[in-house]
Amino acid sequence: MASRNGIVFEDFFPAMVEKLGAEGFMNELYSGFQLLVDEDKGLITFESLKRNSELLGLQDMSDDEVRCMLREGDLDGDGALNEMEFCTLMFRLSPGLMMNSRKLLVEAIVSEM
């Protein structure tokens, strides 16, 4: 799947949800956020994404591509991604998750009860 900036992502998320369940998958997203976050700011910034892009196999991304990736998910316009923006972006980039989001929501609510 291609994002607006032309970077292609392979959608493994539905298979991960099937294997891990909703709660396990959300824990994995949280771990992914923690991997990329600027520890001082608690956000994924241009600098932290650029520094950690090799972990994603994206070490050859240009500065413009990194900025585009941040803009893709930056809902509040601060130039960085908080945890909610990161998770929202990951869901938006996965058509399979978008189609099954209601099921995931129900599973998450049931697991909290």
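Me: Buried means under 20% relative accessible area, exposed means over 50%, and partly exposed lies in between. Which of these classes holds D63?

Reply: The model is a predicted one. In it, D63 has a relative accessible area of 34%. The limits are 20% and 50%, so D63 is classed as partly exposed.

Me: With which residue does D63 form a salt bridge?

Reply: A salt bridge needs a Lys or Arg nitrogen within 4 Å of a carboxyl oxygen. The closest N and O atoms of this pair are 2.9 Å apart. D63 lies in helix α3 and its partner in helix α2, 13 residues apart, which links distant parts of the chain. The partner has a relative accessible area of 30% and is partly exposed; the residue is K50.

Me: How many salt bridges does a search of the whole structure find?

Reply: One joins K50 to D63. Another joins R67 to D64, with closest N and O atoms 3.7 Å apart. Across the whole structure, the number of salt bridges found is 2.

Me: What separates R67 and D64 along helix α3?

Reply: R67 is partly exposed at 35% relative accessible area, whereas D64 counts as exposed at 54%. Both residues belong to helix α3 and are 3 residues apart, so the separation is about one helical turn.

Me: Which exposed residues sit on the face of α3 turned away from its buried side?

Reply: The buried residues of α3 are V66, M69, L70, E72 and G73. Seen down the helix axis, these buried residues fall within an arc of 155°, so they line one face of α3. Their cover includes α2 and α4. The face turned away carries the exposed residues D64 and R71.

Me: Which elements give two or more residues to the largest nonpolar core?

Reply: The largest nonpolar core has 21 residues. Those with the most contacts inside this core are L29, I44, L49, L70, F86 and M90. The elements giving two or more residues to the core are α1 (13-36), α2 (46-52), α3 (63-73) and α4.

Me: Which residue caps the N-terminal end of α4?

Reply: Helix α4 covers residues 83-92, and its buried residues are E85, F86, C87, L89, M90 and F91. At its N-terminal end, a side-chain oxygen of the capping residue lies 3.0 Å from the backbone nitrogen of M84. The cap is N82.

Me: Is T45 buried or exposed?

Reply: T45 is placed in the loop between α1 and α2. Leaving aside neighbours within four places in sequence, T45 is in contact with D38, L70 and A80. Its relative accessibility is 5%. The limit for this class is under 20%, so T45 counts as buried.

Me: How many strands does the protein chain have?

Reply: From the N terminus on, the elements run α-α-α-α-α-α. The chain has 6 helices, and its number of strands is 0.

Me: What share of the accessible surface of the protein chain belongs to carbon and sulfur atoms?

Reply: Of the 113 residues in the protein chain, 35% are buried. Among contacts between residues at least 6 apart in sequence, 48% join residues at least 24 apart. The accessible surface comes to about 7,300 Å², and the share belonging to carbon and sulfur atoms is 55%.

Terms used. Residues are numbered from 1 along each chain as its sequence is written. This is a predicted model: local features need pLDDT of at least 70, side-chain atom pairs count only at pLDDT 80 or more; totals for chains, interfaces and linings use all residues. Side-chain values use heavy atoms; hydrogens and water are left out. Buried means under 20% relative accessible area, exposed over 50%, partly exposed in between (1.4 Å probe, protein chains only). Helices (H or I, at least four residues) and strands (E, at least two) are DSSP runs, numbered from the N terminus. A polar contact is a pair of N or O atoms within 3.5 Å; within protein, one must be able to donate a hydrogen and the other to accept it, and residues adjacent in sequence count only if both atoms are side-chain atoms. Contact means heavy atoms within 4.5 Å. Accessible areas come from the Shrake-Rupley method with a 1.4 Å probe; for residues, only the protein chains shown count as cover. A nonpolar core is a set of buried Ala, Val, Leu, Ile, Met, Phe, Trp, Tyr and Cys residues joined through side-chain atoms within 4.5 Å. The arc is that of the directions from the helix axis to the C-beta atoms. A salt bridge is a side-chain nitrogen of Lys or Arg within 4 Å of a carboxyl oxygen of Asp or Glu.
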